[in-house]
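Reader: I want to know what stands behind the labels used for this chain. Take me through them one at a time.

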Amino acid sequence: DFKIIYHFIDSSYYGNDYSFIIVRFYYKICELLNIQPTVDWTHVRANEYVRELNNLLNECNDNFVFVIDGLNQLDAGGDAYNLQWFPKLDSRTKVICSTNNDIYEIISALQNKSADIYNIPAFPDFLSLKVAVNEYLRPYRKVLEDNQIKKIFDNKTFENPLLLFSLLEELRLWGIYEELDERLDYYILSPDQDAFLEKMFMRLEQDIALFNDNRIGEVFLLLSMSRNGVIDSDIADILGISRVAVSSILYKCHRFISIYGGHSSISHSLITNYIKKRYNSCLECVQNKYKTYLTNKLLNASREMYANIVHDMGYFYFHSSLNNELYDLCTNPNAFIVFSIYSEIEDLTYWKHLFRNGYTMEGLLNRLNELPMAIKESATPIILYRARGICINAHNNNELKRVIDFSDSYLKPIFDCKEDRLWLYCHSLSYYIRINNLDKAKEISDLILENSDNSPLYANYRILAYQYKAQALLNIDFNQSIDCLRKSAELSVKENC
């Protein structure tokens, strides 16, 4: 007897951010079991979300199946693709998820979880497609003949449910029955999904232009840039078009739009990607209009609204690859405090992106000097967190060396926490092994062993130190190298590491 909770991951911010998925699961469980939520999520850090959800699952002793539809539409920020945020799986908790094959990291994460993976076509046979077509058209008192449905079945483009139902909507709107075959062939002969979408958007543009100023491209581009959608009046003000035109565009394109609290956003990444290609010529213009709008909004923001606007700007700059603007935002002292308090995962994602594109942390450090001493002191562990994340994701020795140099020069003198100090030593050790500086590797290994005790808390650090020291001693003192490997193995067994 399992209770089923379903979530479709659309491409809006509130749809594809995994922390919001976890929060939604939490409240849905409370609703199903008629219990009062006890967690104030405004005071829970993002990396603790899974723990709170699992605590609730452990307490309620009920059986649940979480259906997560569309993993490929997850936002890439933080650690979304490693799927470590999944609810804890056991005999009482199961997860069924769907994805396409586009994102290797998701497929790999599923394999690492020993998941049963099946390649399932959307419509495995003609009959299942016929049922779906008839169910969609029945409320409109319309029907397609078997030979017409067969044409759809033979075109692989329409295995995608979004494109199939878009095709059916196009046919439903075509009012001349005698020309239906010709109209169907017009769409069916599209060689790929972009060709079909081009014909569909041409029809939408012509339809909208009959009644209003046709700015469909600008509206869709703006929606693709927003973090959690834009209300109709703001769309009109930002783009300088009438609210009637905005309402008409959103109504005509409703099947591609998600609305949360009056904020409209694009619901499918496939549409977002196509929009950026089709309307690329006006992309920069819309970016500049949106940037001006957010900048003015930030200048006049109340204290309560400031954090939301900073998040909107970070999302926009990151996803639009406006790296200079993103760097200025991340090194802005006030914005830094917002990210540090409310969204360490987003901020870490931004810093990784900037670091890989040639930026350094010196700008952040210089800006921090402008802050009061109390804020600088509280910011130190947050800077450490940024360095840690970047270090883990360093792609080559040069990147790693830059972080180690930064850590040695700035972080090392002010470390108070033993675990943070051991973390720094371990990454330094990793770097020296990678560049084959075995003398330095042995020196760092000894530092780790000297600065850690036999507590289980430090077991992983000691195991790593023994392993790397064994590698450093292999061609110097073979017996001592073997002894280090033995200690590493014994400690691994003892602590189950």
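Author: Start with contacts, meaning heavy atoms within 4.5 Å. Of the contacts in the protein chain with a separation of 6 or more, 66% are between residues 24 or more positions apart. This is a predicted model, in which local features need pLDDT of at least 70, side-chain atom pairs count only at pLDDT 80 or more, and totals for chains, interfaces and linings use all residues. Residues are numbered from 1 along each chain as its sequence is written, and side-chain values use heavy atoms, with hydrogens and water left out.

Reader: What makes up the secondary structure of the protein chain?

Author: The chain has 25 helices and 5 strands. Helices (H or I, at least four residues) and strands (E, at least two) are DSSP runs, numbered from the N terminus.

Reader: Why is R255 called buried?

Author: Buried means under 20% relative accessible area, exposed over 50%, and partly exposed in between (1.4 Å probe, protein chains only). R255 has a relative accessible area of 18%, so R255 is buried. Buried residues make up 50% of the 497 residues in the protein chain.

Reader: Where does R255 lie, and what does R255 touch?

Author: R255 lies in the loop between α12 and β4. Leaving out residues up to four places away in sequence, R255 touches S166, E169, E170, M200, R203 and S267.

Reader: What makes the pairing of R255 and E170 a polar contact?

Author: A polar contact is a pair of N or O atoms within 3.5 Å; within protein, one must be able to donate a hydrogen and the other to accept it, and residues adjacent in sequence count only if both atoms are side-chain atoms. The side chains of R255 and E170 are joined at 3.1 Å. That value falls under the definition, so the label holds.

Reader: Which residues does R203 contact?

Author: With neighbours within four places in sequence left aside, R203 is in contact with E170, L173, R183, Y187 and R255. R203 sits in helix α9. Its relative accessible area is 15%, so R203 is buried. R203 and E170 are 33 residues apart in sequence and 8.8 Å apart in space, C-alpha to C-alpha.

Reader: Why is α10 called oblique to α13?

Author: Axes are lines fitted to C-alpha atoms, for helices over the stretch in contact, and angles run from 0 to 180 degrees between N-to-C directions. The axes of α10 (residues 216–225) and α13 (residues 269–278) come within 10 Å and cross at roughly 125 degrees. That makes α10 oblique to α13. Angles under 35 degrees count as roughly parallel, over 145 as roughly antiparallel, 65 to 115 as roughly perpendicular and the rest as oblique.

Reader: Which residues meet where α10 and α13 are in contact?

Author: F220, L221 and S224 in α10 meet I271, T272, I275 and K276 in α13. These residues divide into 4 nonpolar, 2 polar and 1 charged. Ala, Val, Leu, Ile, Met, Phe, Trp, Tyr, Cys and Pro count as nonpolar, Asp, Glu, Lys and Arg as charged, and the others, Gly among them, as polar.

Reader: What makes α10 largely enclosed by the rest of the structure?

Author: 10 of the 10 residues of α10 are buried, so the helix is largely enclosed. Among them are G217, E218 and F220.

Reader: Why are α9 and α13 called roughly perpendicular?

Author: The axes of α9 (residues 193–209) and α13 come within 11 Å and cross at roughly 75 degrees. The two helices are therefore roughly perpendicular to each other. By class, their contact has 7 nonpolar, 1 polar and 5 charged residues. Those from α9 include D194, L197 and F201.
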